[in-house]
Amino acid sequence: MADAIKDYKIAIDTLWVMIAAFLVFFMNLGFAMVESGLCRAKNTVNILSKNFIVFAISSLAFYIIGWGLMFGDGNAFVGLKGLWFVNGADNSPAMGDAYQGVYSAINWTGVPIWAKFFFQLVFAGTAATIVSGAVAERIKYHSFIVFTFVIVGVIYPVVGHWVWGGGWLQKLGMWDFAGSTVVHSVGGWAALAGILMLGPRIGKYAKDGKVNPIPGHSMTAATMGALVLWFGWFGFNPGSTMAASWNDISRIAVTTNSAAAAAAFSATLAAWLLIGKPDLSMTLNGCLAGLVAITAPCAYVSVGSSVIIGLIAGCVVVAAVLMFDNVKIDDPVGATSVHLVCGILGTLFVGLFAQDSIMPKTTGNGLFFGGGLTLLKAQAIAVLSVGLFSFTISLAAWAVIKMVMGIRVSPEEEMEGLDYGEHGMLAYPDFQTVTHSIGTPGSVTASGYHQASPIAVPKRAPAHQ
């Protein structure tokens with residue numbers, strides 16, 4: 001009877017973990033729709049293609065090396081055992097002292113090794129997808145693929161080892177339940193490095209410093225994508241229990257939803273006050289900002305605290321979007337504002353709002369609940385160390401890729417659109433026109449579609465290139 005009960009628990013836990021992982025996988029559709037909707041029609045195929053290929057590359061990179069670096073037994077900085085192809089000794093779903101294998105950092109969950117792997121894989125893929133939107137409309141397709149392998153194969157798993165793999169930040173007492181730091185800020189730092197290496201899109205900033213808005217082509221797609229992401233986050237956060245713990249799952253689902261709702265509302269109000277209109281794109285990014293900010297503390301805070309967290313995140317993301325534009329950091333979809341800025345916020349919020357009574361024997365109390373500065377200090381150290389590592393390695397990776405193969409398309413290709421230049425097709429052939437890449441108006445055939453162009457492409461690069 002005891003064995004049967006144990007088997008049933010393993011089965012139920014595995015089912016929950018896999019369902020949650022499938023929800024996180026579904027978020028790839030949300031990212032694709034948000035990013036393509038907030039960018040111009042002429043780059044839609046390119047953005048959709050990047051969001052599709054990114055998970056394929058992530059799957060290979062995480063299988064080949066990423067999992068081992070992240071969860072393999074090793075030192076305080078990196079995994080060293082079972083490094084390649086998830087091929088180390090393992091007797092999952094055995095837990096705790098009963099576990100015998102080289103992935104002991106994740107022996108706290110009683111599911112099979114491949115359930116552990118797949119759940120962690122979809123998180124790794126999310127970190128890479130964050131970069132896609134930030135570098136949209138001017139990145140070379142093959143350069144983005146190479147960087148995806150680097151971030152999922154090396155950068156993300158090293159940080160993951162520090163926090164979730166038994167590394168030095170975990171031992172320091174830093175807590176990140178579902179990835180405000182491990183997933184979102186890592187992706188945000190990598191995105192920021194890419195933006196700085198690429199420079200802004202042609203025409204985004206005038207010589208006099210004026211910011212020229214470049215509106216997206218489909219707010220319908222962006223809105224649907226944001227709703228898909230909101231839905232998928234119920235796998236992201238509650239699924240990080242990696243067990244069918246009914247009390248924790250239900251509470252985490254509510255804190256997640258409350259933060260998203262509060263942030264969508266506060267971002268709408270903030271945009272209304274700052275720019276004079278309730279900008280839909282700000283509402284959507286506000287919702288996502290709340291979700292990112294609650295990702296680290298979702299298991300450790302009350303529902304009331306989650307509402308406060310969301311209200312703060314919604315206001316901050318609007319200010320961050322405007323700030324990045326003012327300093328001429330061109331992020332077409334606001335990925336750095338959402339994932340980097342609010343990923344940092346979410347990590348620090350653990351140190352402020354955590355309550356020991358909610359999940360005993362984990363974080364202890366945060367500053368606002370009598371816990372002093374100990375937890376907040378550990379969270380702040382994590383923010384600084386992860387930021388320094390992720391940004392530096394990402395910047396170096398982008399620099400090497402730029403030197404070897406280049407990272408930005410030509411001005412002509414950028415003007416005519418990456419869909420035609422990079423993929424030889426258009427997303428909406430019945431409604432679009434293109435120009436020859438040599439800059440001469442005329443007709444051109446793209447994948448069987450006859451196009452006519454009314455404008456020429458400038459032959460000189462802008463001053464910022």
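Predicted model: local features only at pLDDT ≥ 70, side-chain atom pairs only at ≥ 80, totals over all residues.
User: How much space lies in the largest cavity, and which elements give two or more residues to its lining?

Analyst: The largest cavity holds about 100 Å³ of space. Helix 1 (2-37), helix 3 (113-134), helix 9 (280-295) and helix 11 (335-353) are the elements that each give two or more residues to its lining.

User: Which residues lie nearest the centre of the largest cavity, and how do the lining residues divide into nonpolar, polar and charged?

Analyst: The lining consists of 14 residues, and those nearest the centre are Phe31, Val34, Val333, Ala335 and His339. By class, eight of the lining residues are nonpolar, five are polar and one is charged.

User: Turning to helix packing, how should I read the angle at which the axes of helix 7 and helix 8 cross?

Analyst: The angle is taken between N-to-C directions, and a value over 145 degrees counts as roughly antiparallel. Here the axes of helix 7 (residues 219-236) and helix 8 (residues 246-275) come within 9 Å and cross at roughly 150 degrees, which means that helix 7 is roughly antiparallel to helix 8. The crossing of these two helices is right-handed.

User: Which residues of helix 7 and helix 8 meet?

Analyst: From helix 7, Trp230, Trp233 and Phe234 meet Ala253, Thr256, Asn257, Ala260 and Ala261 of helix 8. This contact of helix 7 with helix 8 has six nonpolar residues, two polar residues and no charged residues.

User: What is the angle between helix 9 and helix 10, and which residues meet there?

Analyst: The axes of helix 9 and helix 10 (residues 303-326) come within 8 Å and cross at roughly 125 degrees, so the two helices are oblique to each other. Helix 9 passes helix 10 in a right-handed crossing. Among the residues that meet are Met282, Gly286, Ala289 and Ile294 in helix 9, and Ser306, Ile309, Val317 and Leu322 in helix 10. The residues of this contact divide into 10 nonpolar, four polar and no charged.

User: At what angle do helix 4 and helix 6 cross, and which residues make the contact?

Analyst: For helix 4 (residues 141-164) and helix 6 (residues 180-198), the axes come within 10 Å and cross at roughly 135 degrees, and the two are therefore oblique to each other. Helix 4 passes helix 6 in a right-handed crossing. The contact includes Phe147, Ile151, Tyr156 and Trp164 of helix 4, together with Val182, Val186, Gly187 and Ala190 of helix 6. By class, the contact has 11 nonpolar, two polar and no charged residues.

Key: Residues numbered from 1 in each chain as written. Heavy atoms only, no water. 1 Å grid on protein atoms, 1.4 Å probe; cavity = no way out; pocket = protein on both sides within 12 Å on 5 of 7 lines; lining within 4 Å. Points joined across faces, edges and corners; volume = space filled by probe spheres on them. Helix = DSSP H or I, 4+ residues; strand = E, 2+ residues; numbered from the N terminus. Nonpolar A, V, L, I, M, F, W, Y, C, P; charged D, E, K, R; others polar. Axes fitted to C-alpha atoms, helices over the stretch in contact; angles between N-to-C directions. Parallel < 35°, antiparallel > 145°, perpendicular 65-115°, else oblique. Left-handed = near helix turned anticlockwise from the far one by under 90°. Contact = heavy atoms within 4.5 Å.
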